[in-house]
Amino acid sequence: MVIKSLQTLVGETLKEIKTINADEAYQMFHDKNCNLIDIRESNELENTGSVEGASHIPRGMLEVYLDPNSPVFQNGQIDQNKEFVLFCAGGVRSALAVKSLKDMGYQKVSHIDGGFGSIASSKFKII
């Protein structure tokens with residue numbers, strides 16, 4: 001049995017998913033064409049701030065919250081017709097999360113290269 005390293009897994013994943021930069025994400029967000037989802041843990045948001053207007057769904061709960069039968073969908077908190085743009089601290093967790101959502105059947109899903117690190121130096125407002 002061969003166990004893949006995280007580096008190998010992420011490298012393979014990046015070939016299968018859509019990656020955008022912070023400026024592209026900002027334009028989509030500004031134009032109201034995406035669901036911007038912060039998948040970092042709550043303590044990360046407390047330590048570094050959060051992106052104004054982003055939804056917070058921790059990585060550990062992503063598939064649960066984005067299940068079509070979940071209250072998030074039932075209550076209309078997420079617009080299923082818009083692209084799902086995910087980010088984490090640096091881009092590793094969000095890449096793997098995008099792959100997981102694609103495996104669930106999501107088509108319009110991407111992640112931000114560099115994660116919160118690149119967002120913090122972009123036009124996004126950090127609160």
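I looked up Val92 and found it partly exposed, with a relative accessible area of 37%. My terms here are buried for under 20% relative accessible area, exposed for over 50%, and partly exposed in between (1.4 Å probe, protein chains only). Val92 is found in helix H6. Helices (H or I, at least four residues) and strands (E, at least two) are DSSP runs, numbered from the N terminus.

The model is predicted: local features need pLDDT of at least 70, side-chain atom pairs count only at pLDDT 80 or more, and totals for chains, interfaces and linings use all residues. Residues are numbered from 1 along each chain as its sequence is written, and side-chain values use heavy atoms, with hydrogens and water left out.

**Entry: surface patch**

I then checked what Val92 belongs to. Together with Leu6 and Leu9 it forms a nonpolar patch on the surface, with about 240 Å² of accessible area together. Patches are made of residues with over 30% relative accessible area and no salt bridge; like charges are joined within 9 Å, and nonpolar side chains (Val, Leu, Ile, Met, Phe, Trp, Tyr) within 5 Å. The accessible areas come from the Shrake-Rupley method with a 1.4 Å probe, and for residues only the protein chains shown count as cover.

**Entry: sheet**

I traced the strand order as E1-E5-E4-E2-E3, an open sheet of five strands with parallel pairing. Two strands pair if DSSP finds at least two bridges between them. Strand E1 (18-20) and strand E3 (55-56) are the edge strands, each pairing on one side only.

I next went through the pairing of E4. Strand E2 (residues 34-38) runs parallel to strand E4 (residues 83-87), and five bridges join them. Within this pair, Cys34 has Glu83 of E4 as its bridge partner, and Asp38 stands opposite Phe87 in E4. I noted helix H2 (residues 22-30) packing on the sheet, where it touches E1, E2, E4 and strand E5 (109-112); its direction makes about 90 degrees with that of E1. Helix H6 (residues 92-104) also packs on the sheet, touching E4 and E5, and its direction makes about 180 degrees with that of E5. Axes are lines fitted to C-alpha atoms, for helices over the stretch in contact, and angles run from 0 to 180 degrees between N-to-C directions. Contact means heavy atoms within 4.5 Å.

E4 and E5 run parallel and are joined by three bridges. In E5, Val109 is the bridge partner of Phe84.

Is E4 buried or exposed? Five of the five residues of E4 are buried, so the strand is largely enclosed by the rest of the structure. Both faces are covered: I found Glu83, Val85 and Phe87 buried on one side, and Phe84 and Leu86 buried on the other.

**Entry: salt bridges**

I counted a salt bridge when a side-chain nitrogen of Lys or Arg is within 4 Å of a carboxyl oxygen of Asp or Glu. By this rule the count comes to eight salt bridges.

Lys4 and Glu12 meet through their side chains at 2.6 Å, N to O. Glu12 is partly exposed, at 32% relative accessibility.

The side chains of Arg40 and Asp38 form another salt bridge, at 2.8 Å, N to O. Arg40 is buried with a relative accessible area of 1%, and Asp38 is buried with 2%.

Arg93 forms a salt bridge with Glu44, with the closest N and O atoms 2.8 Å apart. The pair links distant parts of the chain, as Arg93 is in helix H6 and Glu44 in helix H3 (residues 42-48), 49 residues apart. Arg93 is partly exposed, with a relative accessible area of 26%. I also noted a network in which salt bridges that share partners join Glu16, Lys99 and Asp103.

Ser110 lies in strand E5 and is buried, with a relative accessible area of 0%. What is Ser110 in contact with, leaving aside its neighbours within four places in sequence? I listed Lys18, Ile20, Glu83, Phe84, Val85, Leu86 and Val98.

Asp113 is placed in the loop between E5 and helix H7 (115-119). This residue is partly exposed, with a relative accessible area of 48%. Leaving aside neighbours within four places in sequence, Asp113 is in contact with Thr19, Ile20 and Ser118. Asp113 and Gly91 are 22 residues apart in sequence and 5.6 Å apart in space, C-alpha to C-alpha.
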